[in-house]
Amino acid sequence: MKKFLLLVLCAVLLTMCLTACGDSSSAADSSLSEQQKTDLLKTANSNAKLVFTTANNYAADFIADGKIVDKLDYTGPVDELPDSNSLSKPIQTALEEVCGDDCGYICIKFDPSAEDGNFAQWSEKESGSPVGQYPNPQKTYDKSIEITLGEKA
């Protein structure tokens, strides 16, 4: 009975991981079901929102503490975010809590002094997988596949 429960737990954890960060083997597969496409799009948009809200919340906290917050304009792998920016580590940590060590790719255009124009994108791969965006996320899988990471949709 313990072995069975352990196997069920492992299956649940694996499913949660694949749902949180996407399943790279299925993203490029043209035979995806509508539910798989919906799940991949939801994950991409959710992770983009996490990037944006993390940057926004930490910037507000840092400013309230009297710290200077530089704008962050970055596109590339999450694990290569510039250490020189105070928002990089919180973003990387937030994504690692959801995705583990392989957190995919992001685009973040965030200027704490700007009223408009700030946005974030997330994708499991540099190209060929859905690109989530926040704010103004795409509502269809097909549109999200057409987005080039780093170009606001």
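This is a predicted model: local features need pLDDT of at least 70, side-chain atom pairs count only at pLDDT 80 or more; totals for chains, interfaces and linings use all residues.
Residues are numbered from 1 along each chain as its sequence is written, and side-chain values use heavy atoms, with hydrogens and water left out.

In soluble globular proteins, nonpolar side chains tend to be buried together. A nonpolar core here is a set of buried Ala, Val, Leu, Ile, Met, Phe, Trp, Tyr and Cys residues joined through side-chain atoms within 4.5 Å, where buried means under 20% relative accessible area (1.4 Å probe, protein chains only). The largest such core has 22 residues, and Leu 87, Ile 91, Leu 95, Ile 106 and Ile 108 have the most contacts inside it. At least two core residues come from each of helix H3 (34-64), strand E1 (72-77), helix H4 (88-99), strand E2 (105-110) and strand E3 (119-123); helices (H or I, at least four residues) and strands (E, at least two) are DSSP runs, numbered from the N terminus. A second, separate core has five residues, among them Cys 107 and Phe 119.

Three aromatic pairs turn up as well, meaning rings of Phe, Tyr and Trp (its six-membered ring) with centres within 6.5 Å. Phe 52 and Phe 110 pair edge-to-face (planes over 60 degrees apart), at 6.1 Å centre to centre and 80 degrees between the planes. Phe 52 sits in helix H3 and Phe 110 in strand E2, 58 residues apart.

Definitions and conventions:
Buried means under 20% relative accessible area, exposed over 50%, partly exposed in between (1.4 Å probe, protein chains only). Rings of Phe, Tyr and Trp (its six-membered ring) pair if their centres lie within 6.5 Å; planes under 30 degrees apart count as stacked, over 60 as edge-to-face and the rest as tilted.
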